[in-house]
Amino acid sequence: MLELIAIRKAFNQGKPNEFWALDGIDLEIPQKGVTVLRGPSGSGKTTLLTILGCLARPTEGRVRLHGELISGLPERFLTEIRRKTFGFVFQQFNLIRGLSAIENIILPSYPTGERRSVLLERGEALLEKLRLSHRRDNAVEWLSGGEQQRVAICRALINSPQILIADEPTANLDTRLAREFLTILKLLADEGRTVVMTSHDPVVADSEVVDRVISLRDGRIVPDLAQVFAQAFG
Ligand SMILES: Nc1ncnc2c1ncn2[C@@H]1O[C@H](COP(=O)(O)OP(=O)(O)OP(=O)(O)O)[C@@H](O)[C@H]1O
């Protein structure tokens, strides 16, 4: 459904410090389920995630979404695709201090022109789903790390995106909260959504919620050893 073909990404192209962060990535992310990108620091996980989420363009190669070539589209179309199709959760939750949980959650929906009452209703339903209704009116800076993360997830889901993109979403969470996050992922996967995230966290990679793990090294996908063995001897 989301397809990368021969993707390469250079930083500082044409300069002495030119660096190819991605070097020939072919990858298909199926419609449903949870995919984790893992690999050593600097292997290209975040760069790949930004291309999958249409936040950055590849230097070479093509990106297809539902079969449609989107990598060459002008920025205003990409902005629209991002808003309609993707939700994002970053390592730093990027919540706006001084605003309540519910205000933070409905913020990305303002450009849709939807009525405020409808947005509030949708935001409240998400808060309920993530067991956070009691924090609706609290300023986000007073919430715990796990609560802030759940607000960030609600905000990412407010436009009901098909695809959730998350960069090291459990990096600031202890094991209990990381497991709680995985339960939320399971909910999303069961609804038929696509989740793609980077993670160093063994709690995440080893979880049964995760459908597939893609390993990166030096900007390339490296074959999963377990899979290679299964194919050779299985
Ligand atoms: N804007 C940039 N300009 C120059 N080089 C960059 C830029 N962004 C990333 N890089 C380089 O590209 C490589 C891949 O970076 P990326 O952030 O994708 O790696 P990563 O696997 O996500 O690493 P980490 O696990 O440390 O977050 C790194 O060597 C990084 O220094």
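Reader: Why is Arg38 called partly exposed?

Author: Arg38 has a relative accessible area of 32%. Buried means under 20%, exposed over 50% and partly exposed in between, with a 1.4 Å probe and only protein chains as cover. The value of 32% lies in between, so Arg38 is partly exposed. This is a predicted model, in which local features need pLDDT of at least 70 and side-chain atom pairs count only at pLDDT 80 or more, while totals for chains, interfaces and linings use all residues. Residues are numbered from 1 along each chain as its sequence is written, and side-chain values use heavy atoms, without hydrogens and water.

Reader: Where is Arg38, and which residues does Arg38 touch?

Author: Arg38 is in strand S3, residues 33-38; strands here are DSSP runs of E with at least two residues, helices are runs of H or I with at least four, and both are numbered from the N terminus. Contact means heavy atoms within 4.5 Å. Leaving out residues up to four places away in sequence, Arg38 touches Lys45, Ser199, Ala205, Val213, Ile214, Ser215 and Leu216. Arg38 and His200 are 162 residues apart in sequence, with 6.2 Å between their C-alpha atoms.

Reader: How do you know that Thr35 is buried or exposed?

Author: Thr35, also in strand S3, has a relative accessibility of 0%. That is under the 20% limit, so Thr35 counts as buried. Apart from residues up to four places away in sequence, Thr35 touches Ile29, Val195, Val196, Met197, Arg212 and Ile214.

Reader: What makes the pair of Thr35 and Arg212 a polar contact?

Author: Their side chains come to 2.5 Å. A polar contact is a pair of N or O atoms within 3.5 Å; within protein, one must be able to donate a hydrogen and the other to accept it, and residues adjacent in sequence count only through two side-chain atoms. The distance of 2.5 Å falls within that limit.

Reader: What makes a residue part of the shell around the ligand, and which residues come nearest?

Author: A residue is near a molecule or strand if one of its heavy atoms lies within 4 Å of it. The ligand has 13 residues around it, of which Ser41, Gly42, Lys45, Thr46 and Thr47 come nearest. A polar side-chain atom of Ser41 is 2.6 Å from a ligand oxygen. The protein covers 60% of the 640 Å² of accessible area that the ligand has on its own, by the Shrake-Rupley method.

Reader: Which elements supply this shell?

Author: Strand S2 (19-29) and helix H1 (45-52) each supply at least two residues. H1 gives the largest share, three residues.

Reader: What makes H1 mostly covered?

Author: Six of its eight residues are buried: Lys45, Thr47, Leu48, Leu49, Ile51 and Leu52. Just after H1, Cys54 has a positive phi of about 60°.

Reader: What makes a set of residues a nonpolar core, and how many residues has the largest?

Author: A nonpolar core is a set of buried Ala, Val, Leu, Ile, Met, Phe, Trp, Tyr and Cys residues joined through side-chain atoms within 4.5 Å. The largest has 41 residues, and those with the most contacts inside it include Val34, Leu185 and Met197. Among the elements that each supply at least two residues of this core are S3, helix H5 (145-157) and strand S8 (194-198). The largest share, eight residues, comes from H6. Met197 touches, among others, Val34, Leu49, Phe181 and Leu185. A second, separate core of 27 residues includes Leu2, Leu37, Leu49 and Cys54.

Reader: Why is Ala6 called partly exposed, and what is its phi?

Author: Ala6 has a relative accessible area of 41%, which lies between 20% and 50%, so Ala6 is partly exposed. Phi of Ala6, in strand S1 (residues 2-11), is near 50°, a positive value in a residue other than glycine. Most residues other than glycine have a negative phi.

Note on methods: Accessible areas come from the Shrake-Rupley method with a 1.4 Å probe; for residues, only the protein chains shown count as cover.
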